[in-house]
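Please keep the sequence and the structure in view while reading.

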Amino acid sequence: MPKIEGRNAVLEAFRSGKTIDRLYVLYGCKDGPVQTIVREAKKHDTIIQFVAKERLNQLSETQKHQGVIAVSAAYVYASVEDLLQKAKDQGEQPFLILLDGIEDPHNLGAIIRTANLAGAHGVIIPKRHACGLTAAAVKASAGAVNYTPVAKVTNLSQTIRELKEQGIWFVCADMDGELMYRQNLTGPIGLVIGNEGEGVSRLVKEHCDLTASIPMKGEIGSLNASAAAAVLAYEIVRQRM
């Protein structure tokens with residue numbers, strides 16, 4: 001897991017535009033330089049965790065963390081064009097999975113694994129308020145990140161708008177949507193999966209063409225994000241066959 005430790009190094013990483021997926025900060029630390037780093041992290045919508053000194057010591061590889069450790073992306077991101085090119089190279093209509101604010105690295109990794117097995121041409125994640133390709137996400141993907149490209153975009157709604165212009169249409173997972181078995185999920189498609197708690201945000205949902213629900217029989221609320229992604233991805237696979 002690529003770690004950046006120490007106040008100057010972490011601040012420089014943010015200012016140079018390096019993709020930082022998570023920032024660990026000493027709990028209760030009010031030092032000026034640390035507050036500057038926290039402000040910079042908030043500006044970039046990086047996930048911030050305030051932790052005890054023991055936890056920082058555990059995470060530290062240098063033991064010179066000075067109260068801050070940043071975790072940068074473990075893998076290089078692709079571009080959205082790379083994903084479309086992959087579909088073209090395979091002579092297939094694009095099948096993309098877009099994630100709106102997935103915060104759990106294990107969910108992200110599991111979805112990338114599903115994307116690979118279902119034949120999706122790539123995964124698109126937002127830069128802000130979401131987990132990136134950390135070591136935990138890469139590990140949970142069981143090697144799928146080596147084959148399934150992941151693109152990181154500034155604005156998910158804008159990306160959907162641009163992809164619609166290229167003939168791709170979008171289905172969003174939503175508990176109040178039309179039953180997935182009644183939907184036509186063939187053709188060039190983007191499957192949008194929402195955050196573990198709130199689901200797909202209103203703004204992103206407004207840009208989708210369809211909302212699809214998974215039939216639920218049990219007493220508990222809903223499937224988790226990676227399970228929902230798998231069920232819907234394989235309904236798309238079934239219809240494409």
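In which sense do β1 and strand β4 pair, and over how many bridges? The two strands, β1 and β4 (residues 68-72), pair in the antiparallel sense over three bridges. The model is a predicted one, in which local features need pLDDT of at least 70, side-chain atom pairs count only at pLDDT 80 or more, and totals for chains, interfaces and linings use all residues. Residues are numbered from 1 along each chain as its sequence is written, and side-chain values use heavy atoms, with hydrogens and water left out.

**Terms for strands and helices**
- Helices (H or I, at least four residues) and strands (E, at least two) are DSSP runs, numbered from the N terminus.
- Two strands pair if DSSP finds at least two bridges between them.
- Strands of a sheet pair through backbone hydrogen bonds, either parallel or antiparallel.

**The sheet of four strands**
- Four strands make up an open sheet with mixed pairing, in the order β1-β4-β2-β3.
- Because β1 (3-5) and β3 (47-51) stand at the edges with a single partner strand each, one side of each has no neighbour in the sheet.
- From one strand to the next, the twist averages 20° (axes are lines fitted to C-alpha atoms, for helices over the stretch in contact, and angles run from 0 to 180 degrees between N-to-C directions).
- Ile4 stands opposite Ala70 in β4.
- Helix α1 (residues 7-15) packs on this sheet and touches β1, β2 (20-26) and β4, where contact means heavy atoms within 4.5 Å.
- The direction of helix α1 makes about 125° with that of β1.

**The sheet of six strands**
- The order in this open sheet is β7-β6-β5-β9-β8-β10, and the pairing is parallel.
- The edges are held by β7 and β10, each with a single partner strand, so one side of each is left without a neighbour in the sheet.
- The twist averages 30° from one strand to the next.
- Strand β8 (residues 169-179) runs parallel to β10, and five bridges join them.
- Cys172 stands opposite Thr211 in β10.
- Helix α5 (residues 105-117) packs on the sheet, touching β5 (95-100), β6 and β7.

**Strand β7 and its partner**
- Strand β6 (residues 122-126) pairs with β7 in the parallel sense over four bridges, and Ile125 stands opposite Lys152 in β7.
- In strand β7 (residues 150-153), Val150 and Lys152 on one side and Ala151 and Val153 on the other are all buried (under 20% relative accessible area, with exposed over 50% and partly exposed in between; 1.4 Å probe, protein chains only).
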